[in-house]
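Hi,

Here is the structure I promised to hand over. Have a look at it, and then read on for what turned up.

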Amino acid sequence: MRVDLALAATFALVFAAALIELPAYRWQVALAPGLAAGIGLALAGLVGLAAIRRRHAAPEARWGTDDLRTLLWFALALGAVLLLGFALGGGLYVFAHSLAAHPRLARLPVAALCGAVVPLVVTQLFGRMLQIELYRGLLLGG
Amino acid sequence: MPLPSAARLIALTLALLCALPAVAQDSPALPDRIDYIIGSKPGGGYDRYGRLVAKHLEKHLDGVTVVPVNRGSAGGVPALRDLKEATDGSRIMIFNTGILMNELGGLGLGLQSYRWIGKASSEARVLLVATDTGINSFEGLQAEGAGLIFVTASHGSSAFIQTSLINLSFGLGLKVVPGFGGSEAEAALMKGEVQGGLVSESNVAPLVEAGVVVPLLVFGESSDPVLADVPRARSLALEGDALIVARAISALTQLGRITVAAPEIDEAALTALREAYQAALADLELRAEAEAQGMPLDPLPGPAVDKLAEDVLADSARLEEMIKIVLDR
Amino acid sequence: MLGGLSALLADPAALAWLFIAIPVGMAFGAVPGLGGKIALIAVMPFIAGMDMLAGCVFLISLHAVVHTGAAAPTIMLGIPGTGPSTAVVADGHALARQGQGVRALSAAAIASGIGGLIGTLVLALIVPFALGLMQLVSYPEIFLLTLFGIGFSAVLSGDSMAKGLTVGAFGLLIAFIGIEPVYGTPRFTLGSDVLGDGIHLVTAVLALYAIPEMLIAGKGSAAAGAPTGTRRGRGAGQLAGGLADVVRHRWLTLRCSVMGALVGIIPGLGGDVAAWLCYGHAAQSSRTPERFGKGAVEGVIGPEAANNSKEGGALVPTLFLGIPGSSGMAILLVALVPLGISPGPGLVSANSELVWAMVWALALSNIVAAGALILLARPLNRIARLKSSMLVPYIYLLAMASVYISTTEWRSLLTLAVLSLLGYALLRRNWPRAPFVIGLILGAEAEEALIKSLSLWGPGFLFRPVSLLLIATLFLSLWQLSLRLKRGSKAAKRGRAHAG
């Protein structure tokens, strides 16, 4: 139940922090968030107490390296797009993911093809047809 | 069999993309897309003017797409602040005139340094009251208006500041409630939930014809027949705070629907925008559409607006003081 | 009334535009991040100079079928096509992952079609009473309606109501992040201008649904990755299954269609609210609310019916009072004016035939769009059946692209990452996620309605006649609900006793 407890504690912390900020506002601005955070804090407390009482974690609920790996892949996608943009970063990410994660695609030409689709879609479909410019990445000048 | 169908999908996408037409490029001084920020919610007067101008501006800017974008939160002030970054002219904005007054109240935007592209109209402001209050003159409102609910757009909008200033300087004792943006104020008046407001002249006629409201006082000039017999603020014998407020509001009515660009905008881009704006406002199609929608026009080019805005933003210690009071800063 | 139909059928140009509008509108719905408003803005340059009838029919049909098209990415990929389709993600995508994507799509298409028809019917019937109805419903009633929605989130919480309500309150609080719209006070923004714009609904829903599902899908060993669950029934069987689902839940479809249309009439309440209210209603009226979020077909039918019926309702104030009910309708209003239409109380008497032609066009386009989606269901299902390890990177990118398109701000991707981590933890620990989204959607509406009610009427706003009626209904349904939950938990205890 450690994750449950951590979730409840996180929520409680956010609610409490919100309540502390409220007295500075006029009533029209403070009323609704005050109600939400007040009720939320009480509920998060209840949930946290219940989590402390039931201490035995079910075995399938434990977090392991699997979780870490899948989160890292997502972080890599985010990092690639933020640094190199949707076209280049996205393409490289799909290329890397195809090589690493899929035995049937773990051949350079196939993986390269999978990756090459991304910049094409970004520049042609979004850029040209829909006139929507997607993010170009921090390194390539926003 | 996922792989072959995926390959087919990819091939199809490639074929499709190769067949796409190219887009023409022109107007070197400007980016190929300009966001025309509208500093109000959809549906109100600023929205209607903004969309009309955006549409015709595009016609007079070769190869540039002009996209209207509503950013009405907090009266458009955050959007106006963000506008400073658009030094390439990729964003321009039509904003609530109230921000000019807000600036006097200590907003700190540095509005004096912004570059004006032009203004579309002069619009008189009309103080009106619900028919079912039984009040039918401004004197009546002064005598028995205390406690009536007048609604306005958001807290920093021109309607809010001006209504509150009138309330303060004439000692009316009204309850001014902000937050009724777009067409909400008109809807609330129609439904009889509120007792009055300060409304742009183009929105008054339908309300008067529906028998919902009585116009009491006009700030600025108007040739609307509905307002022919309604007293003008400048014709009242006023003194003190009331005189300062009536003058300021009447002056502001001339600065209707202003479009503005970033303070440090590229000069070539500014010139291109100003020329296109002037051409768009002179466009017969735009004029016909504005007339059909009951939107009065009284355009002025950028440099002339510079002068007017300077006058409005000039020092007036007492006015600034009163604005600070009504904004509760 | 029939004059409108014959006018529509006698004008081949108008009919042709109707059939052009349907694929265009559906495509704008199907690309996440676009949607009805952008569709209207994109076609505006083309409608200037069009014939009045053809132009109106084109705009109405275009805007009406967006949600039908949005069902495709929502169900197949778990990426909501438009704001209102966020309500369909939970159960629609769960069904697709169980190999029942075609069934879910077919149920969505049929429910959308029926919803659209009923919305049209409501539009036709209600015209004479529209003003009166709008006068009855004001801020206090809107506030109570939003309370309904938040109350429903308790039902969606499965086994732990406290967890559900906590997550719901968190969603509400997240809704208040940003610059407060009336007073301009920055709330909980930590001084950042990205948070000043608030947290976008699309960002939140992607972070809580699409990304965590993909994280789980990418978690298994690299080679595994076939769709989870067994594939039940062949395509054709599933198409019929979707029809059977709607027939079985015909009263739910009907109720949600009517609710959607009524919410549409109230200015200020958008499609998101209609869809989520109906999702909540579907769960609340279900005998087995615990299946919601895990692939309950009612969770697809309810919101899909409401999405489309709401369009008919929203036209009432827009056309007949000139008061747009939503920002999409405001743009429609602006687009109609150049065609020579002046919306307002005089419209029906001046242009009765045109109005009825628009009503018929609305009905016809909904039927055609539903048919098109059914035809497309099986080809679309191939995407959902691709190995998920191949799909995962594309979905990450698509999700990030829709966040970027909706907010045009790269830092929103960081918000997406933080909320995704939360979504993943909630999913792994089996906490309910729907209440978060309901709180986020209803937060702004609830606050605005509460503050305006208090400003205009004081605390006495709760004693308006319609308010009293709504409060009574709220308490009655909560009471009924608690009874049902008590019965449910007793049954579960009995089951455990048997097993032990």
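The largest cavity holds about 120 Å³ of space, in a model that is predicted. A cavity here is a set of points, on a 1 Å grid over the protein atoms alone, where a 1.4 Å probe fits but cannot get out; its volume is the space filled by probe spheres set on the points, which are joined across faces, edges and corners. Searching the whole structure gives seven cavities of 30 Å³ or more.

Which residues line the largest cavity? Among them are B:Tyr46, B:Glu123, B:Arg125, B:Ser158 and B:Arg257 (lining means an atom within 4 Å of a point). Helix 6 (158–169), helix 9 (240–253) and strand 10 (256–261) of chain B each give at least two lining residues; helices (H or I, at least four residues) and strands (E, at least two) are DSSP runs, numbered from the N terminus.

Now to chain C. The axes of helix 5 (residues 66–77) and helix 16 (residues 298–320) of chain C come within 10 Å and cross at roughly 150°. Axes are lines fitted to C-alpha atoms, for helices over the stretch in contact, and angles run from 0 to 180 degrees between N-to-C directions. These two helices of chain C are therefore roughly antiparallel (over 145 degrees).

Residues are numbered from 1 along each chain as written, and chains are lettered from A and ligands numbered from 1 in the order written. Local features need pLDDT of at least 70, side-chain atom pairs count only at pLDDT 80 or more, totals for chains, interfaces and linings use all residues, and side-chain values use heavy atoms, without hydrogens and water.

Best wishes

Technical notes. Parallel < 35°, antiparallel > 145°, perpendicular 65-115°, else oblique. 1 Å grid on protein atoms, 1.4 Å probe; cavity = no way out; pocket = protein on both sides within 12 Å on 5 of 7 lines; lining within 4 Å.
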